[in-house]
Amino acid sequence: MNTCKKELAVAALQNGTVIDHIPSSVLFKAVKILGIEKLQTHVTIGNNLDSEKLGSKGIIKVADVFFPETTLNRIALIAPSAKVNIIRDFEVVEKHQVSLPETIVGIVRCNNPKCITNNEPMKTRFEVIDRDDVTIRCHYCGHCVNSKDAQIS
């Protein structure tokens, strides 16, 4: 009896960070938020993988990089379901879900064309006003943005 098994074969990480359960639709926004395109280490990105919870998901594996928690938590803006695994000597030594910070600085562009952040050289600053629907408000002009409409700068 021959049983067909479909599996994605990806090399195991000896040391590094794995970010899993990222909705496929926002995977590349997560890549941009983390600045992964600038890294000089092995990176594996999987997209549209089967997921019981999400339907389809993305995953990011970065060798020999351990992101600060504040950096990882920025992903919660677009992927509140994301899980972080820290790998050391091929073993998961830490596992946690991302958590949306109270303030988001410098990663989202304000959609209000009259906002000072769009007309002066300064970092944007947003406060989280709704964690369930992931809605943020510009500190400078008061404009509200839902994470689905957030423009990652």
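Is Lys-148 buried or exposed, and what is its relative accessible area?

Modeller: Lys-148 is exposed, with a relative accessible area of 65% (buried is under 20%, exposed over 50%, partly exposed in between, using a 1.4 Å probe and protein chains only). Before we go on, please keep in mind that this is a predicted model, where local features need pLDDT of at least 70, side-chain atom pairs count only at pLDDT 80 or more, and totals for chains, interfaces and linings use all residues. Residues are numbered from 1 along each chain as its sequence is written, and side-chain values use heavy atoms, without hydrogens or water.

Now to the partner. Lys-148 forms a salt bridge with Asp-133, and their closest N and O atoms are 3.9 Å apart (a side-chain nitrogen of Lys or Arg within 4 Å of a carboxyl oxygen of Asp or Glu). Lys-148 sits in the loop between β10 (144-146) and β11 (151-152), while Asp-133 sits in the loop between β8 and β9, so this pair ties together parts that are 15 residues apart in sequence. (Strands are DSSP runs of E with at least two residues, numbered from the N terminus.) Asp-133 counts as partly exposed, at 36% relative accessibility.

Arg-131 forms a salt bridge with Glu-102, with the closest N and O atoms 2.7 Å apart. Arg-131 belongs to the loop between β8 (125-130) and β9 (135-138), and Glu-102 to the loop between β5 and β6 (103-105), so the pair connects parts 29 residues apart in sequence. Glu-102 is exposed at 54% relative accessible area, and Arg-131 is partly exposed at 39%.

What about the strands on either side of that loop? β8 and β9 run antiparallel and are joined by 4 bridges (two strands pair if DSSP finds at least two bridges between them). Within this pairing, Asp-130 stands opposite Thr-135 in β9. The hairpin of β8 and β9 has 4 residues between its strands, and Val-134 there takes a positive phi near 45°. β8 also runs antiparallel to β6, with 3 bridges joining them, and Ile-104 stands opposite Phe-126 in β8.

Stepping back, the structure holds 4 salt bridges. One more of them links the side chains of Asp-20 and Lys-57, at 3.0 Å from N to O. Asp-20 lies in strand β1 (residues 15-23) and Lys-57 in strand β3, so this pair ties together parts 37 residues apart in sequence. Your Lys-148 is exposed, whereas Asp-20 and Lys-57 are both buried.

β1 and β3 bring us to an open sheet of 5 strands, in the order β2-β3-β1-β4-β5, with antiparallel pairing. Its edges are β2 (43-51) and β5 (91-97), and each has a single partner strand, so one side of each is left without a neighbour in the sheet. The partner of β5 is β4 (residues 83-88): these two run antiparallel and are joined by 6 bridges. In that pairing, Asn-85 stands opposite Lys-95 in β5.
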